[in-house]
Amino acid sequence: MTALDIRGHMKELSINFFHGGWRSFKFSFDKDLYEEDVKCWGKTDFDQGIIHLEDSMKGDLLRETILHEITHILLETVGYGDYDDIDEAVPLHNERLTVLVSRAFLQAMNLNQELFTTLLSYE
Ligand SMILES: [Zn+2]
């Protein structure tokens, strides 16, 4: 029997979405992802509600990229806008930003327990 990796567990447990609280984001594994003509490992489409992940990723790279995209969503949640909305970002003191981001992570971990357990438990 072969041990399942992160993606194998996501498939087995039907972890198809990240629940952001205010909306869900579907995971989509795609080949040859680009963000403004630059190859990338992941990107989140806030309009469509899709987290695009490079199909070839696994292990540490997949885990970090999923957390990276989740962090974009959580920063959006606490008022840091989309990738390009620099004007919307409100400058905050480290302590205030930490309170907001840590609460957003706690919310995300509570809403996505199987996803976070999978990311922490498998290669
Ligand atoms: Zn990014």
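Colleague: What should I know before I start?
Modeller: This is a predicted model, where local features need pLDDT of at least 70, side-chain atom pairs count only at pLDDT 80 or more, and totals for chains, interfaces and linings use all residues. Residues are numbered from 1 along each chain as its sequence is written.

Colleague: Which residues touch the most other members in the largest nonpolar core?
Modeller: Phe18, Ile70, Ile73 and Leu74, out of 14 residues. A nonpolar core is a set of buried Ala, Val, Leu, Ile, Met, Phe, Trp, Tyr and Cys residues joined through C-beta atoms within 7 Å. Buried means 20 or more other C-beta atoms within 10 Å of a residue's own; exposed means 12 or fewer; partly exposed is in between; C-beta atoms are placed from the backbone.

Colleague: Which element gives the largest share of this core?
Modeller: Helix 2, with five residues. Helices (H or I, at least four residues) and strands (E, at least two) are DSSP runs, numbered from the N terminus.

Colleague: Now strands. How do strand 1 and strand 2 pair?
Modeller: In the antiparallel sense, over three bridges. Strands pair if DSSP finds at least two bridges between them. Histidine 19 has serine 24 in strand 2 as its bridge partner.

Colleague: And strand 2 with strand 6: parallel or antiparallel?
Modeller: Parallel, over five bridges. Phenylalanine 27 stands opposite isoleucine 51 in strand 6.

Colleague: Loops next. Where is serine 14?
Modeller: In the loop between helix 1 and strand 1.

Colleague: Is serine 14 buried or exposed?
Modeller: Exposed, with 8 other C-beta atoms within 10 Å.
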